[in-house]
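Please read this briefing alongside the sequence and the model. It begins with a helix pairing and then turns to the chain as a whole and to individual residues.

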Amino acid sequence: MGEYLADLGLDALSLKDPAMERITDKIAALPADATYFSLEFFPPKTAMGFSNLRDRLDRMARALRPLFVNVTWGAGGSTAQKSLELAEICQRELGLTTCLHLTCTNMSRQLIDKALDDAKALGIRNILALRGDPPRRAEYRDSNEPDAADEEEEFVWAIDLVRYIRKTHGDYFCIGVAAYPEGHADESHPLGQSLEHDLSSLVEKVQAGADFVMTQLFFDIKAYESFETTLRGHPSGAFQDIIIIPGLMPIQGYQMIKRTTKLSHAKMPEPLMARLDSVKGDDEKVKSVGVDILSELVEEIKEVKSRTPGPKGFHFYTLNLEKSVSFILERSGLIPPSTPEIDRPVSLASPPLLQVNGVSPTLALRELERRKSSVGSDPRNRVIVLGRPASYPDYEATALEASMPAEPVNTRANTLAISEGEGVLGREATWDDFPNGRWGDARSPAYGQIDGYGVSLHVTVAQALRLWGSPKTASHVSDIFIRHLRGELSAIPWSEEGFNAETDAIRESLVALNSKGWWSLASQPAVNGLRSNDATFGWGPQNGFVFQKAFVEFFIPSADWKVLLAKLQRPDMRDRICFYATNTAGDFISSDDGREAEVDGQGRPVAAVREASTNAVTWGVFPGKEIVTPTIIEEVSFRAWSEEAFGIWGEWAKVYGKGSESEKLLEAVRADAWLVNIIHHDFVEKDALWDLLLLE
């Protein structure tokens with residue numbers, strides 16, 4: 001491409017592609033009283049999710065018109081490659097100005113150079129420079145990389161990355177840095193967390209060459225007001241004119257926002273939490289109240305930012321979902337006004353036209369020749385009813401409606417309505433509006449753990465040692481899992497959270513399982529038709545009924561797995577259970593392989609012909625609604641998660657240093673263990689799964 005442009009006497013920048021602009025230049029070009037917004041996305045963990053996110057991005061770009069988009073970064077390996085692939089879709093395919101996140105700790109200088117070169121090759125001119133996880137550089141340095149020549153090239157803090165980008169790329173990149181309105185905290189509890197503690201490092205990042213500041217999510221407007229006032233009046237003068245963009249996260253679910261605020265140490269003011277608590281049993285109402293809260297927060301931020309001249313910006317952490325953020329943007333008046341060019345529907349490719357006497361029809365004639373759809377046929381053919389109103393507008397139309405030409409489905413206004421979930425197309429577009437992390441549908445763009453940093457312990461080395469000590473034997477590992485189950489440890493490497501109330505129903509069974517050296521990562525008890533307002537198991541709208549199949553996911557030694565596999569493949573287990581199992585070598589076997597699946601002496605599959613199953617393990621039945629299935633376990637999601645699950649063993653081992661007794665133990669466990677997920681289909685018999693696993 002570069003050679004082709006050179007032959008024309010051009011270079012890539014001379015084409016002035018709007019998507020290749022620096023964020024600060026785009027903001028400077030706005031009227032002083034303008035508002036703007038940006039959206040953030042992360043690369044999905046599955047190919048299906050990635051494909052569906054591309055369609056969602058296209059729809060949101062046309063309907064919402066963000067000034068730019070952010071793409072989160074996964075440090076190293078396939079996660080980093082997925083970040084670049086998503087950035088390429090945004091920048092090149094969709095023409096969106098893209099800001100690529102880049103974390104610097106635990107990455108070699110060579111990897112950082114490659115990431116910056118790749119971004120430049122894609123036409124990306126905006127980088128959000130982040131620290132990432134606490135640094136353990138000696139474990140991540142490329143073996144072929146020479147030692148750093150000077151201290152500035154050691155990447156310990158985000159400022160080191162800012163300096164390095166300026167040193168190696170000059171002013172090519174527009175660089176953003178992160179800030180925390182309530183102060184940053186590395187600890188599991190925000191002791192000592194304060195803005196004053198962060199100010200000196202934030203000043204240094206700006207003075208080192210940062211062009212704009214983007215904040216972590218927050219809900220406390222008083223904290224943000226204090227933050228912006230403090231920065232604008234700082235004696236260094238570093239923040240007097242710099243762009244400060246507040247970061248906001250739409251509330252997608254009650255448990256999700258509680259987890260997010262805990263991990264980010266963002267305070268949820270008591271009045272706001274009370275509003276969410278009042279509807280926590282109804283997911284739809286939680287999202288509705290969440291839209292209200294965020295819309296109000298936007299208005300409050302506008303008032304704070306009105307004290308500083310210039311356009312007012314907002315950044316939204318979308319979690320790869322579109323419905324709530326679309327409502328918030330429309331209600332807050334942040335969506336740019338329509339223009340004829342923006343509102344023009346996207347044309348489908350037309351077949352070649354026949355030339356008459358060497359002359360092609362004019363554009364106007366071509367538009368006239370195109371058959372107009374009627375209301376009765378767009379977006380699908382509908383039954384015409386006579387003598388009564390249409391009872392089902394998605395499937396029926398009156399004679400009058402059938403005679404009226406319909407507007408194109410893909411106008412900007414219609415696309416916005418679809419993003420907000422209106423009509424048949426809207427319901428199809430926002431089908432995954434109630435995500436459930438790694439237990440949701442693997443086809444969803446929102447599937448998976450949402451953190452953007454790839455495999456991580458989410459704790460510092462000091463915290464890891466304090467929590468888990470230095471395990472020397474498998475029984476020490478069992479003790480860590482059991483203490484977590486009993487509430488004596490706040491976290492294990494695979495989970496930084498405590499347990500839900502429903503775990504009480506199976507806690508002793510889980511303790512017994514872990515005492516065998518079968519270390520559980522996830523589980524749930526069986527539930528048969530409890531009311532949706534049940535204090536422990538209830539969820540969803542009122543007057544419904546909820547159901548659960550029991551399942552458990554755990555690591556198991558290969559010798560024990562061989563014995564358990566034979567039990568699971570007995571003829572009497574067929575159609576009673578479903579299981580998936582894999583190891584770090586990539587061997588995989590499941591109940592879908594059939595009971596005659598051939599295995600070797602270690603329980604590894606030799607050959608199998610199968611059809612992958614999908615297991616809804618949580619579902620609800622509610623008045624006037626289709627059956628809702630928020631929790632699904634299937635092969636594609638299990639495989640996507642297993643790579644991370646085994647990777648965490650490696651991250652834990654690195655805490656102790658190469659060659660240490662604990663490092664050798666944890667690496668040996670990772671090499672030997674299988675990760676197994678077992679679902680029992682008999683949700684009426686609450687002990688069926690545990691009897692299978694614990695009784696000889």
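Helix H3 (47-64) packs against helix H17 (residues 412-419) at an angle of about 125 degrees, with the two axes 8 Å apart. This is a predicted model, in which local features need pLDDT of at least 70 and side-chain atom pairs count only at pLDDT 80 or more, while totals for chains, interfaces and linings use all residues. Residues are numbered from 1 along each chain as its sequence is written, and side-chain values use heavy atoms, with hydrogens and water left out.

- Axes here are lines fitted to C-alpha atoms, for helices over the stretch in contact, with angles running from 0 to 180 degrees between N-to-C directions.
- H3 and H17 are oblique to each other, because angles under 35 degrees count as roughly parallel, over 145 as roughly antiparallel, 65 to 115 as roughly perpendicular and the rest as oblique.
- The crossing of H3 and H17 is left-handed, a term that applies if the near helix is turned anticlockwise from the far one by less than a right angle, the clockwise case being right-handed.
- On the H3 side the contact (heavy atoms within 4.5 Å) is made by Arg-59, Met-60, Arg-62, Ala-63 and Leu-64, and on the H17 side by Arg-412, Thr-415, Leu-416, Ile-418 and Ser-419.
- Sorted by class, the contact of H3 with H17 has 5 nonpolar, 2 polar and 3 charged residues, where Ala, Val, Leu, Ile, Met, Phe, Trp, Tyr, Cys and Pro count as nonpolar, Asp, Glu, Lys and Arg as charged, and the others, Gly among them, as polar.

**The chain as a whole**

- The chain has 25 helices and 21 strands, assigned as DSSP runs numbered from the N terminus (helices are H or I with at least four residues, strands are E with at least two).
- Of the 696 residues in the chain, 51% are buried, meaning under 20% relative accessible area, whereas exposed means over 50% and partly exposed lies in between (1.4 Å probe, protein chains only).
- Among contacts in the chain with a separation of 6 or more, 72% are accounted for by residues 24 or more positions apart.

**Buried residues and their contacts**

- Thr-46, in the loop between strand S1 (35-41) and helix H3, counts as buried at 4% relative accessibility.
- A polar atom of the Thr-46 side chain lies 3.1 Å from the backbone nitrogen of Gly-49.
- Not counting residues up to four places away in sequence, Thr-46 touches Ala-442, Tyr-447, Val-636 and Ala-640.
- Ser-642 belongs to helix H23 (residues 635-654) and is buried, with a relative accessible area of 8%; leaving aside neighbours within four places in sequence, Ser-642 is in contact with Thr-582 and Leu-675.

- Most residues other than glycine have a negative phi.

**A partly exposed loop residue**

- Asp-587 is placed in the loop between strand S15 (577-583) and strand S16 (588-590), and is partly exposed, with a relative accessible area of 22%.
- Although Asp-587 and Trp-674 are 87 residues apart in sequence, their C-alpha atoms are 9.1 Å apart in space.

Conventions:
A polar contact is a pair of N or O atoms within 3.5 Å; within protein, one must be able to donate a hydrogen and the other to accept it, and residues adjacent in sequence count only if both atoms are side-chain atoms.
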